[in-house]
Amino acid sequence: MTTDILTPVVGNPALAARWHRATDEPAWVRLILISVALGFLALFLVLPLAVVLYGAFEQGLQVWWAAVNEPDALAAIRLSLLVVLIVVPINLVFGVSAAWAIAKFEFRGKPLLISLIDMPFAISPVVVGLIFVILFGSQGWLGPWLAAHDMRIIFAVPGIVIVIAFGTMPFIARELIPLMQQQGKEEEEASLTLGASGWKTFWYVTLPNIKWGLIYGVILCNARALGEFGAVAVVSGRIRGETNTMPLHIEVLYNEYMFTAAFAVSSLLTGLALVTIVVKSFVEWLDERHRPASNTH
Amino acid sequence: MFLAAKPKKVIPGFGLTMGFTLLYLGFIFLIPVGGLLLYTSLMSWDDFWKAVSHPQVVASYRLSFGASLTGATINLIFGSLVAWVLVRYRFPGRKIVDALVDLPFALPTAVAGIALVTLYASTGWVGQYLTLFDIKVAYSQIGVVIALTYIGLPFVVRTVQPVLEDLEAEREEASASLGASRFTTVRRVILPALLPALLTGYALAFARAVGEYGSVVFISGNMPYRTEITPLLIVSKAEQYDYQGAAAIGTVMLVAAFLLLLLINGLQWWTQRRGL
């Protein structure tokens, strides 16, 4: 039947061209649309990236290395890494727990729980910082008690850890929840009915299935934890060599007109951001390769 | 038949995982947020109102919300165009471009901030040409819009892309075979199908922009009444130990964020229902 309709089209180039055009745009329209889209992305994505890398390496590798290998920069890098080492594992356990509870069980209030997990993402980082200043600051709720017990949270490392944990809480959970919901629970049920323990099932059945989503979630959480700025700016107090994380150190350098050094430290975080998006593309590519078999809907 | 007899709850760990999830959420999120709201609620209404309606604060709302709306609108237009081009057309480097869209999401905001101000300063790569036309971007409200556009860029693209990919070709073919021009098909068939996703992306970009701090403070110049965004006011009040003022404005921002999240959830629910 389709051939009957198509016969006149096939025989007639002019008609065929018009048929093609009906669900496609003419070449010149396509060219304009692609050019405008790429122009927009070049302006907003490529140029900022280029200016960071140019600024960092403009004066050569030695200057770059001197800026990175300088006591205050090293202290900032060390603090940022320490924070990440604490925050990422906690958020990893949280993400896996939340995804397990949400994906494998039915309970009331599930949409509410998912919204709650999303919420730190919607709150301004500055408000996150403020919340903890009001809780733990010298004039906050617990300030006098902390002072009496000689403990510091605000303008110290614990405050930085807490605000970053808050700000990066959703990333691993958001990655895992849809993934585990999509995979269902049949495989786990099979493993458990065959006598494997719960941990063993998680380790040998669930984990291999969510491996790549998990890795991307961890890397994204890591990049966001290293880059968190607004919340840390409120609670850190910017004590040089003590409570400056990498982004705060970049701010200090920039405000002191040490642009090359600022871009040099920025280049480290930029490299990490690039790794993050490469891993994301790779995970999506894996996902697409596995998808076609189940792509029936 | 055999499977029907299986015990109802084979999978263990509900208590453990749910317990930890709620405990963590409670301690790191619910109690602290409750603390802020309680702190604000203990202020007298007069103090609260004075703090949130001071002309300098109102000027900052106008800038924060106005520039966020402008940025989200730019992203709505160009973001849907980018999504369309990435889904429908094939060109060299498409995969790389696609991956790069996530950059503003992964790049630290402070790095974005100093990159943007360096680009748009009067001596910068872009700024030096704009000064020829007497356009000042850095240290002006346009700079704020640029930063907020940058930060919201991934959202419209990433919400529209999957919907566009799932759109059945049959609908467009039907429209075309019924005699509609390509323009009419796009306007009357494709655009309505994309509407919920477009609105969701718009709201997400807007919500992200309203609270943004790091990428804006470098390029805005932070002049009171002119280029001072609301998050910056919160920071400076907290730095001056004016916790009450900061908490009052912070509560306004928090309520705005909750309302936006509610709106976004509604929009996503609408998108999913449309998808069925």
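The pLDDT is the predictor's confidence in each residue, on a scale from 0 to 100. Chain B has an average pLDDT of 91, and 96% of its residues score at least 70. For the complex, the predictor gives an ipTM of 0.90 and a pTM of 0.90. The model is predicted, and local features need a pLDDT of at least 70, side-chain atom pairs count only at pLDDT 80 or more, and totals for chains, interfaces and linings use all residues. Residues are numbered from 1 along each chain as its sequence is written, chains are lettered from A and ligands numbered from 1 in the order in which they are written, and side-chain values use heavy atoms, with hydrogens and water left out.

Chain B contains 13 helices and 0 strands, where helices (H or I, at least four residues) and strands (E, at least two) are DSSP runs numbered from the N terminus. The radius of gyration of chain B, taken over C-alpha atoms, is 23 Å, whereas a compact globule of 276 residues would have a value near 19 Å; the globule rule is 2.2 Å times the number of residues to the power 0.38. Along the principal axes, the C-alpha atoms of chain B fill a box of roughly 65 × 65 × 30 Å. Of the 276 residues in chain B, 54% are buried (buried is under 20% relative accessible area, exposed over 50%, and partly exposed in between, with a 1.4 Å probe and protein chains only). Among contacts in chain B with a separation of 6 or more, 75% are between residues 24 or more positions apart, a contact being heavy atoms within 4.5 Å. The accessible surface of chain B is about 12900 Å², and carbon and sulfur atoms account for 67% of this area, as computed by the Shrake-Rupley method with a 1.4 Å probe; for residues, only the protein chains shown count as cover.

Over all chains, 30 aromatic pairs were found. Rings of Phe, Tyr and Trp (its six-membered ring) pair if their centres lie within 6.5 Å; planes under 30 degrees apart count as stacked, over 60 as edge-to-face and the rest as tilted. The ring centres of A:Phe107 and B:Phe14 are 5.7 Å apart with planes at 50 degrees, so this pair is tilted. The pair joins two chains, because A:Phe107 lies in the loop between α5 (71–104) and α6 (110–122) of chain A and B:Phe14 in helix α1 (residues 14–41) of chain B. A:Phe107 is buried at 18% relative accessibility, and B:Phe14 is partly exposed at 27%.

The ring centres of A:Trp141 and B:Tyr39 lie 5.9 Å apart with planes at 85 degrees, so the pair is edge-to-face. This pair also crosses between chains, with A:Trp141 in the loop between α7 (125–136) and α8 (143–148) of chain A and B:Tyr39 in helix α1 of chain B. The relative accessible area is 35% for A:Trp141, which is partly exposed, and 15% for B:Tyr39, which is buried. Elsewhere, ring pairs link A:Phe229, A:Tyr254, A:Tyr257, A:Phe259, B:Tyr213 and B:Phe218 into a cluster.

Charges were also found over rings (NZ of Lys or CZ of Arg within 6 Å of the ring centre and within 35 degrees of the ring normal). A:Arg174 lies over the face of A:Phe121, 4.9 Å from the ring centre. The charged end of A:Arg224 sits over the ring of B:Phe105, at 5.0 Å from its centre.
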